[in-house]
Amino acid sequence: MFPMKNSVFSQKIYSFLLAAYRWYLQTPERSLHEAYDAALKIKEIEDKHFSGNKIDIGSATYSNSVMDYFESDLNKLLKIAKMRLTEFRASRWFLNEENQKAAQKAGIEHPSPSLVLEKLNFIDQVISKYTISSDQITSNALAVKPPNLPINSAISDDKLLPVNTPTLPPKIPTQDSDKKQKPKGKVDTTGVLPRSILSTITRLQVELDPNSEKEVIQNFRQTQRRTIISIRFILLLIIIPLLTHQIAKAFVVGPSVEHFRSSDQMQIFINSEMEEEALEKLERFEEKLKFENLIINAPPLSPEQMEAKMTDKAVELAEEFRHESSNAIKNVFADMFSVGAFIWLLLVSKSSIAVVKDFFDNIVYGLSDSAKAFIIILFTDIFVGFHSPHGWEVLLEGVSRHWGLPANRDFIFLFIATFPVILDTIFKYWIFRYLNRISPSAVATYRNMNE
């Protein structure tokens, strides 16, 4: 009985190992076939929608939504092709002659070398068109140009916006390079003509260049695309956490809390402040009944009538605060889901974050000095100004009520006494360390307006 079962079990293990070994031996052909299939799909998109040319992201033939669709498909197919080519190279490196002989014995037919070379050549021809251009598109889209400056002007002032330049490999110092790298004096930097005339001539050359219109259109498309991506990503940062909070609260957290907290055993008040608020409402209701009874000159209510109305009001208040306590518990867990969705969105959107940073840099550096000083004073007065403690107090009380926590006055006053001061110190250090170097005129305007 037992030997029979062991033989059946050993046969199953042997068949499983044999299938796994066959899968291992077929890895080069399988990976090459998947990479070739991805390249064929890219070529099909090129022939069908771009007249056999490469998929140009900045093309004006289609709308932005259509180009986003083509771009997502292109990136996915390129990723598949590159990964499968890497798998093909690695599998061929691990497979030796013994594995090939074992594959022949197992009935696995390998394609001819000419067919393999043909597929590899086709894959390289398709992928090579996007390997270089994709890096150039990304660098051009994320490059930050200082405002109101010609394209070909040399930028060496520390006040201007720094542009990321590609790092070059270190060169071996020679006598010729030492001669070339000597710092130029004032006499060497002075030209025959003033710099303003040279910059004007350069600007005229750019305007008379027949290709300048294409460059302007391309720059405009990149700016438009960057703006659309930035606004869409900012809206996603706001909408996705809010939707996650509401969906989690309605379909995940809410039913779970209601299941574990039955109506009979459910605690009405989760903190002392709710209880005090309910007692105040009940006392105010009793005083209101007595006041209305005195106004209409009606006979005084009997103790039984007063007790019945007070009982109905107490039941109503208990139901109201029971729902509020349950809602506060739901908010705690729903906010955890919202924070998780926000962090996940940041982790999967690193390229969008870089585009948003570039978008805000262009907006900030495009403002005038008075506008920069106005925004700085506005934000400092709101968060660390004279009237900011009242705003922080309202904000902290709202957060504590949202989570069902008692508003600890000592903690609130301690927070207001320390956190705005820390913010003010950090902000002053930022003005002194960075803004003073980038835009000293804006700092001077800020000091004059603040005085």
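**Close-up views of a predicted model**

The structure, which is a predicted model, holds 18 salt bridges. The legends below take up some of these pairs, and then a cavity and a surface patch.

**View 1. A salt bridge between K330 and E258.** K330 forms a salt bridge with E258, and the closest N and O atoms of the two residues are 3.1 Å apart. Because K330 lies in helix 11 and E258 in helix 9, the pair ties together parts that are 72 residues apart in sequence. K330 counts as buried, since its relative accessibility is 13%, whereas E258, at 38% relative accessibility, counts as partly exposed.

View 2. The side chains of K357 and D361 meet in a salt bridge, with a distance of 3.3 Å from N to O. Both residues belong to helix 12 (residues 350–366), where they are 4 residues apart, about one turn of the helix. K357 has a relative accessibility of 56% and therefore counts as exposed, while D361, with 19%, counts as buried because the limit for that word is under 20%.

**View 3. A salt bridge between E393 and R409.** In the salt bridge that E393 forms with R409, the closest N and O atoms are 2.3 Å apart. E393 lies in helix 14 (residues 388–402) and R409 in helix 15 (residues 409–438), so the pair ties together parts that are 16 residues apart in sequence. R409 counts as partly exposed, its relative accessibility being 32%.

**View 4. A network of salt bridges.** Five residues are shown here: E277, K281, E320, E324 and R401 are linked to one another in a network of salt bridges.

**View 5. The largest cavity and its lining.** The count of cavities of 30 Å³ or more comes to 1, and the largest cavity holds about 40 Å³ of space. Its lining is made by N64, D68, R225, I228, I229 and R232, which divide into 2 nonpolar, 1 polar and 3 charged residues. Helix 3 (64–94) and helix 9 (212–260) each supply at least two residues of this lining, and helix 9 gives the most, with 4 residues.

View 6. I231, L235, I238, I239, L242, L243, I247, F251, V252 and F337 make a nonpolar surface patch of about 970 Å². Helix 9 contributes the largest share of this patch, 9 residues, whereas F337 is found in helix 11 (residues 303–347). With a relative accessibility of 41%, F337 counts as partly exposed.

Methods. Residues are numbered from 1 along each chain as its sequence is written. This is a predicted model: local features need pLDDT of at least 70, side-chain atom pairs count only at pLDDT 80 or more; totals for chains, interfaces and linings use all residues. Side-chain values use heavy atoms; hydrogens and water are left out. On a 1 Å grid over the protein atoms alone, a cavity is a set of points where a 1.4 Å probe fits but cannot get out, and a pocket is an open set with protein on both sides within 12 Å along at least five of seven lines; lining residues have an atom within 4 Å of a point. Grid points are joined across faces, edges and corners, and a volume is the space filled by probe spheres set on the points. Ala, Val, Leu, Ile, Met, Phe, Trp, Tyr, Cys and Pro count as nonpolar, Asp, Glu, Lys and Arg as charged, and the others, Gly among them, as polar. Patches are made of residues with over 30% relative accessible area and no salt bridge: like charges are joined within 9 Å, nonpolar side chains (Val, Leu, Ile, Met, Phe, Trp, Tyr) within 5 Å. Accessible areas come from the Shrake-Rupley method with a 1.4 Å probe; for residues, only the protein chains shown count as cover. A salt bridge is a side-chain nitrogen of Lys or Arg within 4 Å of a carboxyl oxygen of Asp or Glu. Buried means under 20% relative accessible area, exposed over 50%, partly exposed in between (1.4 Å probe, protein chains only).
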